[in-house]
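Open the model in your viewer and keep the selection panel at hand. Each stop below says what to select and what is there.

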Amino acid sequence: MSQSRMIKVAPWIVTPSLVVLIVVAWHVIVTTFNVNTFIFPPPAMVWDSLVTLLGEPGTWEAVGVTITEVLIGFSIAVVAGLVVGVVLGKVHWLELSLRPLIVISQVAPKVAFVPLFVIWFGFGLTSKVVLSALLAFFPVMLNVLLGVRSVEQGHREVMQSFNASRGQTFFQLEMRSLQPYLFAGMEVGIVLATIGAIVGEYLGGNDGLGNLVVSAMNSLDAARTFALIILLSVIGLILYLIVNEAKRFFIPWHESVYGLRSTTG
């Protein structure tokens with residue numbers, strides 16, 4: 001088998017094989033050591049709980065709430081990160097002045113902000129959206145800033161030789177150059193936005209999948225808790241893959257996309 005063919009086929013073999021291996025190891029550990037199902041349920045029990053969970057209308061309502069929070073927060077983070085990243089990338093003294101504040105805002109534990117957000121914005125959608133946007137903002141902004149700084153001076157000089165205006169230089173050169181960096185930040189941002197929404201629901205919410213996790217834990221239902229964790233993981237993976245496919249659609253010319261396609265096809 002050629003290398004390109006192997007690269008194309010490998011994910012469809014390796015990934016399912018690893019999942020099967022993990023499930024088998026899980027089952028063997030639980031049965032061999034006679035682990036109490038109350039503490040660590042076997043895969044079959046978790047699967048039954050997951051099927052039951054997916055059959056409940058309230059689950060899909062919670063999924064809709066969580067995805068809405070993630071998408072709104074992520075969208076805010078992308079817009080804010082793009083604007084702030086471009087401004088800081090162009091105004092070096094401003095970036096140096098604001099960098100300590102930006103780092104402090106990211107280093108501070110986000111869980112500590114949840115009670116404040118609940119006080120300020122209530123138990124509804126807004127507090128989860130704010131937390132989701134706050135977590136996703138930093139990777140987007142940082143990558144956009146790096147993208148602006150990475151535009152080669154020679155390319156700028158070529159635009160100047162054609163008497164291009166600042167607007168033309170920005171949209172035709174800088175925006176095109178920073179798109180790969182923007183999508184790199186978005187791939188990280190969508191994961192963090194999902195975490196932010198779930199943590200917000202977990203600590204201060206009445207709706208969403210995070211609230212269902214709290215209910216399952218309070219009921220000491222380990223199988224249902226595992227099922228909800230699996231569901232949350234699948235949702236996060238799907239959202240990440242959507243962003244990844246958007247990158248392939250918008251920047252097919254970039255090496256991170258074109259090079260992979262050339263290797264696999």
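The tour goes from the whole chain to salt bridges, then to a pocket and a cavity.

**Before you start**

This is a predicted model, in which local features need pLDDT of at least 70 and side-chain atom pairs count only at pLDDT 80 or more, while totals for chains, interfaces and linings use all residues. Residues are numbered from 1 along each chain as its sequence is written, and side-chain values use heavy atoms, with hydrogens and water left out.

**Stop 1: the whole chain**

Show the cartoon. The chain has 11 helices and zero strands; helices (H or I, at least four residues) and strands (E, at least two) are DSSP runs, numbered from the N terminus. Now color by burial. Of the 265 residues, 37% count as buried; buried means under 20% relative accessible area, exposed over 50%, and partly exposed in between (1.4 Å probe, protein chains only). Switch to the surface. The chain exposes about 15200 Å², and carbon and sulfur atoms supply 71% of that area (Shrake-Rupley method, 1.4 Å probe; for residues, only the protein chains shown count as cover). Next, contacts (heavy atoms within 4.5 Å). Among those with a separation of 6 or more, 73% are between residues 24 or more positions apart.

**Stop 2: salt bridges**

How many salt bridges does a search of the whole structure find? It finds five. The test is a side-chain nitrogen of Lys or Arg within 4 Å of a carboxyl oxygen of Asp or Glu.

Select Arg224 and Glu56. Their closest N and O atoms are 3.0 Å apart. This pair links distant parts of the chain: Arg224 sits in helix α10 (residues 222–250), Glu56 in the loop between α2 (43–54) and α3 (57–90), 168 residues apart. Arg224 counts as buried because its relative accessibility is 18%. Glu56, at 28%, is partly exposed.

Move to Glu187 and Lys247. This salt bridge has its closest N and O atoms 3.3 Å apart. Glu187 lies in helix α8 (residues 166–204) and Lys247 in helix α10, so the pair ties together parts 60 residues apart in sequence. Both Glu187 and Lys247 are buried.

Stay on α10 and pick Glu245 and Arg248. In this salt bridge the closest N and O atoms are 3.5 Å apart. The two are separated by about one helical turn, because they are three residues apart in helix α10. Glu245 is partly exposed at 47%, and Arg248 is partly exposed at 22%.

Then select Glu95, Arg99 and Arg149. Salt bridges that share partners join these residues into one network.

**Stop 3: the largest pocket**

Select Val19, Ile22, Val23, Trp26, Pro43, Val46, Trp47, Leu50, Ile230, Ser233, Val234 and Leu237, which line the largest pocket. On a 1 Å grid over the protein atoms alone, a pocket is an open set of points with protein on both sides within 12 Å along at least five of seven lines; a cavity is a set where a 1.4 Å probe fits but cannot get out; lining residues have an atom within 4 Å of a point. About 400 Å³ of space lies in this pocket, a volume being the space filled by probe spheres set on the points, which are joined across faces, edges and corners. Helices α1 (3–32), α2 and α10 each supply at least two lining residues. By class, the lining has 11 nonpolar, one polar and no charged residues. Ala, Val, Leu, Ile, Met, Phe, Trp, Tyr, Cys and Pro count as nonpolar, Asp, Glu, Lys and Arg as charged, and the others, Gly among them, as polar.

**Stop 4: the cavity**

Finish with Val114, Phe117, Val118, Ser127, Lys128, Leu131, Gly200 and Gly204, which line the largest cavity. About 30 Å³ of space lies there. Helices α5 (113–121), α6 (125–149) and α8 each supply at least two of its lining residues. The lining divides into four nonpolar, three polar and one charged.
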